[in-house]
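Let's take a walk through this structure together. Have the sequence and the coordinates open as you read, so that you can look up each residue along the way.

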Amino acid sequence: MADRRFQVARLPGFATIAVLVFLALYLPILTLVGFAFNAENSISVWGGFSLKWFAAAWKNQAVQDAALRSLTIATLSALIATSVATLAALGTTRRPAFRGRGFIYVMINQPLMVPEIVTAVALLILFGIVKQATGYQGLGYLVAAHSAFCIPFAYLPIRARLAGMDASLEIAAADLYASPIATFRRVTLPLLAPGIMAGAMLAFVISLDDVVITEFVKSGGQDTLPTYMLGQMRRAITPEVNAISTLLLALTVALLTAFFLLTRQKD
Amino acid sequence: MDLAIEALDVVKAFGQGTSAVRALDNVSVGIRRGEFFTLLGPSGCGKTTLLRLIAGFEAPTSGQILLDGADITALPPNRRPVNTVFQSYALFPHLTVAQNVAFGMEMQGRPKAEVAQRTERMLALVRLDALAARKIGQLSGGQQQRVALARALAPEPRVLLLDEPLSALDLKLRREMQGELKRLQQETGITFIFVTHDQEEALTMSDRIAVMQSGRVQQVGAPRDIYTKPVNRFVADFIGETNFLEAVGEAAGWRLACGVLIPGTATPGQRATLALRPEHLRPAPETGDLPLPARMERAVYSGTDTHWHLRLSCGTALTLRRPNSDAATAAPPNPGTDITLGLNPALVQRLED
């Protein structure tokens, strides 16, 4: 029999605290989702079940534009960030230790450390200069900014996967007449794929969710879904915002579930 | 030239400057075509490093590696017709058994039909034909071992390198695989270079053995030569059990500290170490034996044999081994009894240091 005295789950009050924590975490979200189905105009007074706010959001041209913009930016930045992160992960694990590797590791993860508002202001200033110099006003600034802060989120699962991967497999491939490129294509990449997928999904979700940097960097008429919602909150709030949030939440949960299933998978 | 692999003055140093460690210190060894050659030694003796240099996973600090007389020192591993069975097997977990076996042949660019046919033949050779479609994770350790063997043999390498391939198996499976390996080597005729720290494994499987220690080759020879004529104390001690006797040279032979003279050619005044296997000592002198007085200390029963632990008058400890199957074997003398052993001078080996 294991000694049960030190099990946290058996301390007095554990269950109560656990319930309170879960309520604090999920009650707001449940409320938000609940009122998305409200038949009334209120986000706090229940007036019966309805799907009309979902329909309203679906038909709203501004929502459609913002959603499309969000998905475009998230897809592009996830692709760019994952490619960069894959190369960075290979460079920091699959070659002999070199001077400054620790420094590079810190530099890659820097966006996790620097306060987002600082990055946002810095990008606002820098892109302002670039906009003046080039006259370019497109989505490129948002894609560039999102790619940059998504890199560490893509890098971490890829690196973890690589670090857990037996390097002798690549040596074995070389022993069996595989050139370095064939080794990468036939052995490293297939084994790394779950990590790359996980990194890409994480990057996608992080990009989809961003408000602060987007709000500072975007030009006029470049609202993403989160900044559009933020704008709506400043005016009259209707359950339409709840409906959009609910859809965004569903998408995020779906992607994170896939992420979890992919990273959990063992050989 | 009948040498498959030749290492010439190979040095491999790890680290730099004063902290550099020589994993291989001027190793020169020739491995004949078609033989089962074993690199034997304790961990850290450099045997695996030598194997990795032959495979091309590492480059020597200096020296050359020749394959069939051609210098391959600068070739990367994928361009050497040499395959390896790894200690960890290093099987590709995302591929099936058959895909693992086919991998090397595909990389060689062989036609698809030939790859499929040879894969089937290799799987039959290691008796895994029924498991061709399985993933690696679904196999037992012994089955993985056989996949690793088939994968390395399939591309028909000129030399097969085996890095302690049996160390992860339990004793029974190990014995079985030892026989299997020997059979595969004889059937394929491929030169095997086998790395192990298990002296019994080396003795039973090899055509020739190189005993290594501290990055140097101590002795190369057939198992019988290594066992019966070890050149130095390390080899005598590492392979099997040995009694060491200190002696001083005289005109007529070697004088043991306890006074017994072993006839032979010796330089008067020179000190030497003599080696004598426990099974070569007899409990009583027979014709031609030298009498060797000793005191019985204790007997240890070990199933097939009984070990007699004895002490000579000069204080040197000595072990004698008697097979228990011998019907004539009487009970060993009681501890403290003085007896006279029989020593066949022809079986005494003089060591170099």
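Predicted model: local features only at pLDDT ≥ 70, side-chain atom pairs only at ≥ 80, totals over all residues.

If you look at contacts in chain B with a separation of 6 or more, 64% of them come from residues 24 or more positions apart.

Now turn to the place where the two chains meet. Here 25 residues of chain B are in contact with 19 residues of chain A. The size of an interface is often given as the accessible area lost when the parts come together. For chain B and chain A that area is about 1,800 Å², with 66% of it on carbon and sulfur atoms. On the side of chain B, Asn78(B), His94(B) and Met107(B) lose the most area to chain A, and together they make up 31% of what that side buries.

What about polar links across this interface? Six residue pairs are in polar contact there, both partners being at pLDDT 80 or more. Three elements of chain B, namely helix 1 (47-55), strand 6 (82-85) and helix 2 (97-107), each supply at least two residues of the side that touches chain A. Helix 2 of chain B gives the most, with four residues. Sorted by class, this side of chain B has 14 nonpolar, seven polar and four charged residues. The count of salt bridges between the two chains is one, and you can find it between Arg186(A) and Glu106(B), where the closest N and O atoms are 2.8 Å apart.

Next, let's look inside. The largest nonpolar core has 87 residues, and Leu50(B), Phe92(B) and Ile193(B) have the most contacts inside it. Helix 9 (residues 180-209) of chain A gives the most to this core, with twelve residues. Which residues does Phe92(B) touch, not counting those up to four places away in sequence? In chain A, its partners are Leu169(A), Ala172(A), Ala173(A), Leu176(A) and Val187(A), while in chain B they are Asn100(B), Phe103(B), Ile136(B) and Arg151(B). There is also a second, separate core of 35 residues, which includes Tyr89(B), Val147(B), Leu184(B) and Ile190(B).

Is Cys150(A) buried or exposed? Its relative accessibility is 0%, so Cys150(A) counts as buried. Leaving aside neighbours within four places in sequence, Cys150(A) is in contact with Ala81(A), Ala203(A), Ile206(A) and Ser207(A). The C-alpha atoms of Cys150(A) and Ala78(A) are separated by 7.0 Å, although these residues are 72 residues apart along the chain.

Finally, follow the charges. Over all chains, the structure holds 29 salt bridges. In one of them, the side chains of Arg158(B) and Asp68(B) meet at 2.5 Å, N to O. This pair links distant parts of the chain, 90 residues apart: Arg158(B) is in the loop between helix 4 (141-153) and strand 7 (159-163) of chain B, and Asp68(B) is in the loop between strand 4 (62-67) and strand 5 (70-71) of chain B. Arg158(B) is partly exposed, with a relative accessible area of 45%, and Asp68(B) is partly exposed at 26%.

Another salt bridge joins Glu201(B) and Arg174(B), with the closest N and O atoms 3.0 Å apart. Glu201(B) belongs to helix 6 (residues 199-205) of chain B and Arg174(B) to helix 5 (residues 171-188) of chain B, 27 residues apart. Both Glu201(B) and Arg174(B) are buried.

Glu246(B) and Arg233(B) also form a salt bridge, and here the closest N and O atoms are 3.4 Å apart. Glu246(B) lies in strand 11 (residues 243-250) of chain B and Arg233(B) in helix 8 (residues 233-238) of chain B, so the pair ties together parts that are 13 residues apart in sequence. Glu246(B) counts as partly exposed at 43% relative accessibility, and Arg233(B) is partly exposed at 35%. As a last stop, look for the network of salt bridges that links Arg127(B), Arg146(B), Glu180(B), Arg183(B) and Glu187(B).

Key. Residues numbered from 1 in each chain as written. Chains lettered and ligands numbered in written order. Heavy atoms only, no water. Contact = heavy atoms within 4.5 Å. Buried area = accessible area lost by both parts, 1.4 Å probe. Salt bridge = Lys/Arg side-chain N within 4 Å of Asp/Glu carboxyl O. Polar contact = N/O pair within 3.5 Å; in protein donor to acceptor, adjacent residues only side chain to side chain. Nonpolar A, V, L, I, M, F, W, Y, C, P; charged D, E, K, R; others polar. Core = buried A, V, L, I, M, F, W, Y, C linked by side-chain atoms within 4.5 Å. Buried < 20%, exposed > 50% of the residue type's maximum accessible area, 1.4 Å probe, protein only.
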